[in-house]
Amino acid sequence: MRISSPSSAAPAAAGTPQLSIDGLSVVHRTSPHNLLVSDVSLQLPPGGALGIVGESGSGKSLTCLSIMDLLPGALRQSAGAIRMNGAPLAPGRKGIRGRRIAMIFQDPGATMNPLRRIGPFLSGLVKLHRGLAGAAAEAEAVRLLDAVRMPAARERLRAYPHELSGGQNQRVMIAGALAGDPEILLADEPTTALDVTTQAQILDLLAELRAERGMGLVLVSHDFGVIAEAADHVAVMHAGCVVEQAPADRLFSSPQHPYTASLLASIPPETGRASIAERQGRPPNNLPSQATRGIGIEARRLSRTFEARGGARVNALNDVNLAVQPGEMLGVVGESGCGKSTFGRLLVGLDKPSSGDILAGGEPVATKDGVAFRLSRRRLQMVWQDPLSVLNPRLTIGYQIMEVLQTHRITDDAESRMFELLRAVNLKAEHASRYAHQLSGGQRQRAVIARALAVEPQIVVFDEPVSALDLSVQAQVIEMIADIRNRFDLTGIFISHDIRVVRYVSDRIAVMYLGRIVEIGQADDIFHTPKHPYTQALLSAVLSPDPKRRKSRKILRGDPPDPAHMPSGCPFHPRCPRAAVRCSAEPPALHTSTDGRSTACHAVDVETSGLAWEFAA
Amino acid sequence: MSHLIRPTRRGFMTGAAALAGAATLRFPTPALAQSDRPDLVIAVQGLVDNLEPIAAISNVGMRVVNAMYDTLLYRNFLANPDGSGAVIEPGLATGVERLNDRTVRVTLRDDVVFHNSEPMTAQDVAFSFGYDRMFGPEPLTPRAAYFRPDLAEVSVIDDSTVEFVTNGPDYAMEKRLASWIGWVVPEGYFRDKGLDGFGTAPIGTGPYKLKEFLRGDRVVLEANDDYWRGRPTARTVTFVVVPETATRVAGLISGEYHIACALNPDNIPLLQRYNEVEGRGAQIENTHLVVHNQVDNVLADKRVRRAMHKCIDRDALNTALWAGLAGVTNGFQLPMQGEAYDPNRAPYRQDIEGAKALLAEAGYSGKPITYRTLNDYYVNSVAAAQAMQQWWQEAGLNVEIEIKENWGQVTGDGLMSRNWSNGFPLTDPVTPLTTDWHEGSNVQKNYGWKAPEEFNALLGKIRSMPNSPERSAAFQRALDIFDDEAPGTPLYRPYELYGIQSSIGWSPVTFEWMELRPHNLAFD
Amino acid sequence: MIRFVFIRTIRAILTALTVVTTTFVVLRITGDPVQSLLPVETTPPEIIELYRRLWNLDQPLWQQYVGYWQGIFHGTMGRSFVDGRDVVGIIAERIPITLELMGWTFVAMLAIGLPAGIAAALNRGSWIDRTVMAAAVAGHALPGYVMGILMIWLFAVELRWLPSSGYGTPQHLIMPVLTLATAYGAVIARFTRAAVLEVLGQPHVLAARSQGWPGRTIMRREVIPNAAIPLVTIIGLFLGGLIGGSVIVEWIFAWPGIGRLLVTSVAGRDLAIVQALVLLFSATMIIANLLVDLAYAFLNPSIRLRG
């Protein structure tokens, strides 16, 4: 395995880019005048890291696929040249794909053949690119897994992709990409499908591999944080064009193009809060307000257990106590599998708790299938991540909202109320006659929220309402949610994996890990002075859109454990940098300190009592 | 046998045929086998699973068993060119002697052997009609109960004489011995095998013996060269089941079958396009009918029944449904019933006005009458029902057609009118009038027909008297009452159409079987 | 995996029980079989009673039902209502005949459907794709009856290449197998095309291309095995459905199998045979389903390795 930069390539003349894209255009075969990528020119300096950033549909992925000549069959490259070390690449990229340029993709689970074990996958690539076979190929496969810091590499050879976590699969894909010892690695949204702590691990790995091997890197992402973290040179794409390119530090500090500037402005700031300035000053909502508006919701010793295949019991939610005050917005944050969505569904009665109670305004919340449940819909509403799946594709938006208004007999004049609701979520009257597929992602989510608001609910649970949206749209929808929350005097629960978004809209934040609340407190307190080691790791993994602030991060090791095999004691202890013997023996309780912050951590408890944890442990 | 080799017909496929000409092969038709006699292949719509002659009584079974068994007396259908002959001739019996109104005695041939080479004896004949097999309380052949004469005793008088005694006077006994009840089986073999065993490997005295029996698929018979009537003309006869009519026609035209049974009148134009095949057929001794259940409904009024009867245009039904091939009778009688048949009896005529008048007289108020039928259990029954419904409606009769799935549903609760058929299995007026319409019959017992006493008395006369002008008068008078009372209404005689290779000398008969004995099967 | 097999097997048995019970009851409450079998008008009551006793129809329904199960456990399913022969024997002599037809049909439908579907998917939008799909629609839409009769007229009457009907020789197999295989092969082709297209669109195929694998290797290693998983399900269900499809073909081509036996038994209301055939058909369906489940689990490591 070589550590130095590749020697197999023809020595490049000084200043010749390792990879250059000149005047690239991509069109649809059936409509050659509609340019999906338009005259894009980019250079990757030898051993450099080029970031391409843009929103969905900006052409960034097509540009990346063009390098490999892997455009979808319906598309074709209509102009431009791709050169490597100055030499144009032949169509089909024979001898290039996987050998001189390797590529990794967004969803590592889906980019692996589900029927192939890791071992044959890697040794097959070793054989293809290096001609090694049998035991030699297998030994090389283990070395590759070691190179991507895969723990217990040899045992992984017999694993199928579904037996590995997303982060582990991405490591395997990277190992596969390294099999041909490529000069350049293309990474198309390599961390988008991963949790934030895993994302940090993978980005670190890529940085280390670049340093070790002198590989050039082309990184495609929608996330400025990722780009700022990993790229030296950044190109911003919009509608098929490169609107700006610059060295990373200059681009983030002084964006020249208004589009770049506006995108950067859409990132939730680390201080300040959505619509907070206006919260008091807004004219009162002109929709009728019930006397009973503004109720709180409370979970008492709430648990939910699922039966997994093979009879294992999974504690998706474990003894959660939580009270949301009337008019409060509570943020719930955590990585996938932490139980935050289960919690949301339980709160609105869409799922039945295994034990514990939920009280909304002091009354128990009815669960599914009954008159009480239907009546409770008027108080409790939920907004999901994917608006397309909750809207009826065959009915217009206006009809769907009016249907709700009429079913619940909200008003005599359903039509004008429907238009008011559309206005409240910043939709226009003309959207009433549209169908879901005729709206953009952001408009659909607005429509869903308008429909949820139609029953004049008192409590709304937002479950990842903006995660599927582009950055610029995300910001608008968050603003809108903050706005209607004020105008409708809602009590809200805002669930997200993104702690920046959560902080931006919430009054308080609850951090969840493996079905438990590990920390809860005022949003800014949690964000700026996290106490729980997990909260600290979560915040540390947040990537700042500023390359100068590349942190010395506290990167968590490994992945969250399988919920079916919960660790003893504190569920976080296997990954916790501060774990001591006590942590594996005794689960910490959620203790509230004098500043109103609650934390479930032995270390915090000890330190609160004035002792040093390291000493006490 | 030149008829079997002929050029491929020119037609829309000429091009393809020419291209494929070299590859075209003729299927070795059985008739080309190396033998002095051809192998006859008959495509049939179905087969029975049991070849015991009484168990096999059905439209698909009798054509097979008629080639395997003989009756004591022989009805020579071919005495008339159209296959409707009613002459009773000697069969396994050389003679028959009537001792009194209840007793007949037959003299047997002494040169008849069964297919297993055992001679036919008087004991075999007595067993075939006897207490154990036919008329006891639990007969070895249970189905005999439907067809048996009212026997009191069957006894062996000597080696060549058997005597039949009935419980009441029965002058039709000789005719019964020539009917489907009269096939003779070997006693020892039958008792040894039982009904199922015998039905699987049957033995008779007929011109052909069983060679191969694949249930549901085929029966292969081979010539019984010791046949007492002479050497059979085919080496083998194969009845092969081809359920689909179109396939039977196709196989006939392609030369795979010599005869295709149970074709539709629709097939005639197709057969006419090919020189080497033709259609032959005969009207069957059977009548499709409408029968009425009169219990607690408007049909209890005979004027309503008669009105229904008067509305029907049988000739129109025949033309539309049977291409004019079916038989429209003059009254509920057939010529083969003998001297009681009156050729001058007036045929049924459609009379809608007369029907209207009757309904008015009866004060019929338009109460619905249901007419039930199975979906073409009887050929063309649904189409016939729909045509009749039109005529009934014209006269003001409100008849609703109900198409049912099984007989249980047809005869179940709410039955009013339905379709039915009556066979004429004897060359005598006793069937079907005295068997299906008598005092103890379903129609009188369960369907509420209050037949005039005179009618029942007349049936008694017909049943118990020898042929005479008095019996003929009684029969005609009974038919008058039948038409007046209209407990049921005859429609037409169905037509059995066969497709056949033109070169084969064979004639159909007016019964649901085929005559394959040497005198009616000849090959060029 | 063992647990999975166990649960599926139990479920299959329960399904079979339900089917048998339902048929048993439905067949007996939709009409008195004796009325259907015997000409009620002319049959003496004592004969009707004799028949009722012979087939236990004089007993209450539940007793008949219990007796039926006792019979099954003793290896008998009663006697034919029409001719008194043992039902198991009657069906047993027909099964090989139908199996011969089904087996070749199965092979032919895969031989037609799989390559056609793969070719269409790989040449999506081309004339090959359009031709295959048009043929698939036609093949599926053309009723088996029409197809069968057309073939008989072409190959038996006009060209005289093949016997018009019957069974026994390889030539006899060609038309009935083609009739069935065209219809089913058309469906297989459509499913294959969809399954292959689905896999072709999956990221792991793109990833494999990016790794430099040649197209044939990708086809063999990525596309075919993954497309096979849904296809196995469909094809397995066809196994059960084939028997149903055989009814018409057996009728047209005078093929003396169980499909035709069912038709004649239903028409003749031979409850014992109908009952046994329904049991046989449902057992076939259920076993086919079970095999599909197991094959699915076996092919799919994410199920195989769990539980």
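Author: Let's start inside. The largest nonpolar core has 180 residues, and A:Ile101, A:Leu145 and B:Leu397 are those with the most contacts inside it. A nonpolar core here is a set of buried Ala, Val, Leu, Ile, Met, Phe, Trp, Tyr and Cys residues joined through side-chain atoms within 4.5 Å. Helix H8 of chain C (residues 170-200) gives this core its largest share, 12 residues. Apart from it lies another core, of 104 residues, with B:Ile42, B:Val154, B:Ala178 and B:Trp228 among them. As background, nonpolar side chains in soluble globular proteins tend to be buried together.

Before going on, a word on the ground rules: this is a predicted model, where local features need pLDDT of at least 70 and side-chain atom pairs count only at pLDDT 80 or more, while totals for chains, interfaces and linings use all residues. Residues are numbered from 1 along each chain as its sequence is written, chains are lettered from A and ligands numbered from 1 in the order in which they are written, and side-chain values use heavy atoms, with hydrogens and water left out.

Back to A:Leu145. Not counting residues up to four places away in sequence, A:Leu145 touches A:Ile118, A:Leu122, A:Met150, A:Ala153, A:Arg156, A:Leu157, A:Val172 and A:Ala175; contact means heavy atoms within 4.5 Å.

Now for how the chains meet. Chain A and chain B do not touch, and their nearest C-alpha atoms are 41 Å apart. Of the 2 pairs of chains in contact, chains B and C share the most contacts. Where chain C meets chain A, the contact takes 24 residues from chain C and 28 residues from chain A. Between them these two chains bury about 2,200 Å², 63% of it on carbon and sulfur atoms; buried area is the accessible area (1.4 Å probe) that two parts lose on being put together, summed over both. C:Ser210, C:Gln211 and C:Trp213 supply 26% of the area that chain C buries against chain A, more than any other three residues.

Domain 1 of chain C puts 20 residues into the contact and domain 2 of chain C puts in 15 residues. Those two domains bury about 1,600 Å² between them, 72% of it on carbon and sulfur atoms.

Over in chain B, B:Asn66 is worth a stop. B:Asn66 sits in the loop between helix H2 (62-65) and strand S2 (73-76) of chain B; helices (H or I, at least four residues) and strands (E, at least two) are DSSP runs, numbered from the N terminus. B:Asn66 is buried, at 4% relative accessible area, where buried means under 20%, exposed over 50% and partly exposed in between (1.4 Å probe, protein chains only). Its side chain reaches the backbone oxygen of B:Met514 at 2.9 Å.

Last, the cysteines: a search of the whole structure finds 0 disulfides over all chains, a disulfide being a pair of cysteine sulfur atoms within 2.5 Å. The sulfur of A:Cys583 is 6.0 Å from the closest cysteine sulfur, in A:Cys570, so it is too far for a bond.

Methods:
Polar contact = N/O pair within 3.5 Å; in protein donor to acceptor, adjacent residues only side chain to side chain.
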